[in-house]
Amino acid sequence: MNLAKRIARLGTETAFAVSEDARAWASKGNAVYAFHLGDMNIHTPANIIQAAHKAMMDGKTGYAPAAGIPELRAALAEDVSKARGVKYGMENVSIQPGGKPVIGKFIMALMDAGDEVLYPNPGYPIYESQIEFLGGIAVPYGYVSTPAGFRLDRDRIERAVGPRTRLFVYNNGQNPLGAESDDEEMQWVADFCLKHNLWVLADEAYFDIRYSGTSKSIVSLPGMQERSVILYTFSKKYALAGWRLGAAIAPKEIADVISKLNVNQESCSNHFVQIAAVEALTGNQAGHHEIIRTLKERRDSLVECLRAIRGVSVFVADVTFYLFPEVTEVYKRRGYADQQQFRLDALHQTGVSFCSRSHFGKPAPGEDRVFVRFAYSGIDTPRICEGLQKLKAYWES
Ligand code: PLP
């Protein structure tokens, strides 16, 4: 079959392969402790479900405007403005069926074939996939592990930028590391993007999944709102990933282009889901607070259990629902040379299923430390403890 050449450049979420391994193992009657996927086993708050149900019964089942219904665009503009300390209006909001579509549309709107895009690696795999699929050159940058946690590898970023670099993907509250910038680092990113005249995709998928402190957006720094597109999602904050709702928050001209892409691709986002999202933003927030409480309890248990394993170290991430422990010592002690084998053996010996670093991009030359990603959004605290006890016994044996 003569598929278009660009299909060969289309990537995927390689973590789905880990789900397949876990499913295959579970289908043989084995217990599986699922730490591999960023999906949530927490229910959408009842007030949001009720609002969707009512909207459906009220007949909100037809097409909606491509950019989203005005009530939601206005509510989101207000919410995002308040949380980020800037001023957006509804003309800056383009509602999307999830946060993920913002990635491709941002790139389509601002990148020409042959342009270079700086993106995080390890990072969410869809950046690289979309950059390359759309004819750009994906240029990875990484992080360094410091006593204060993961920090951007500034030397590598400086080395990677060139005359063809147009875009910078900045996932503060990072998947898979759980890394976030302190004020000084965020200012450095802003200065860097201003100096090199780069557009920024501010992927803030985890902005509201925070356990202490306050989230800060790069758009709040001088000169950045004008050159940034925020990826906003309802998926995590309100545990409704499968409903598919998010938004691009951008300068009006870009928001209009993104909405025009909607006209061409999806027509619109689901009407009754948008009405439910107005309730999510403006209604009772108890559901969201309970989601955060539940996730924090899980994170604290997971940190404690991981730290109890000889040869494992982990930073406590205050954002996201991921931990990225270093397991180099265990890996070496057990004589591994293949990270997939290391992962599969853990699954088959203990039922504990996690992603390895290579599910988030190709490791850089010379990267010799071994990290794995644990997501705790889809597993309850007692199961976290049970699984980790098995893993401890196995890795220490
Ligand atoms: N960005 C990052 C960093 C993510 O981890 C995810 C989902 O896991 C997304 C964007 C997209 O999420 P959604 O399409 O569910 O809004």
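## Strands, rings and ligand contacts

In β14, S356 has V372 as its bridge partner. The model is predicted: local features need pLDDT of at least 70, side-chain atom pairs count only at pLDDT 80 or more, and totals for chains, interfaces and linings use all residues. Residues are numbered from 1 along each chain as its sequence is written, and side-chain values use heavy atoms, with hydrogens and water left out.

**Sheets.** Helices (H or I, at least four residues) and strands (E, at least two) are DSSP runs, numbered from the N terminus. Two strands pair if DSSP finds at least two bridges between them. Strands β13 and β14 (residues 372–375) pair in the antiparallel sense over two bridges. They belong to an open sheet of three strands, in the order β11-β14-β13, with antiparallel pairing. Its edges are β11 (322–323) and β13 (355–356); each has a single partner strand, so one side of each is left without a neighbour in the sheet.

Strands β3 (residues 116–120) and β4 (residues 137–141) run parallel and are joined by five bridges. P120 stands opposite Y141 in β4. From β3 the chain crosses through helix α5 (residues 126–133) to β4, a right-handed β-α-β crossover. Right-handed means that, with the strands pointing away from the viewer, the path from the first strand over the helix to the second runs clockwise.

**Aromatic rings.** Rings of Phe, Tyr and Trp (its six-membered ring) pair if their centres lie within 6.5 Å; planes under 30 degrees apart count as stacked, over 60 as edge-to-face and the rest as tilted. The count by this rule is 23 aromatic pairs. Y141 and Y143 form a tilted pair, 6.2 Å centre to centre with 45 degrees between the planes. F168 and Y170 have ring centres 6.3 Å apart and planes at 45 degrees, so this pair is tilted.

How buried are these residues? Buried means under 20% relative accessible area, exposed over 50%, partly exposed in between (1.4 Å probe, protein chains only). Y141 counts as buried at 0%. Y143 is buried at 16%. F168 is buried at 0%, and Y170 is buried at 3%.

One aromatic cluster consists of F35, Y331, Y336, F342, F354, F374 and W395. Arginines also lie over ring faces. A charge sits over a ring if NZ of Lys or CZ of Arg is within 6 Å of the ring centre and within 35 degrees of the ring normal. R84 lies over the face of F207, 3.7 Å from the ring centre. R334 lies over the face of Y394, at 4.3 Å.

**Around S215.** S215 lies in the loop between β8 (199–203) and β9 (228–233). S215 is buried, with a relative accessible area of 13%. A polar contact is a pair of N or O atoms within 3.5 Å; within protein, one must be able to donate a hydrogen and the other to accept it, and residues adjacent in sequence count only if both atoms are side-chain atoms. The S215 side chain makes such a contact with the side chain of R210 (2.7 Å). A polar atom of the S215 side chain also lies 2.6 Å from the backbone oxygen of F207.

**Ligand.** Which residues are closest to the ligand? They are G99, D203, Y206, T233 and S235, among 14 residues that surround it. Near means that a heavy atom of the residue lies within 4 Å.

| Residue | Atom on the residue | Distance to a ligand oxygen |
|---|---|---|
| G99 | polar backbone atom | 2.7 Å |
| K100 | polar backbone atom | 2.9 Å |
| N175 | side-chain N or O atom | 2.9 Å |
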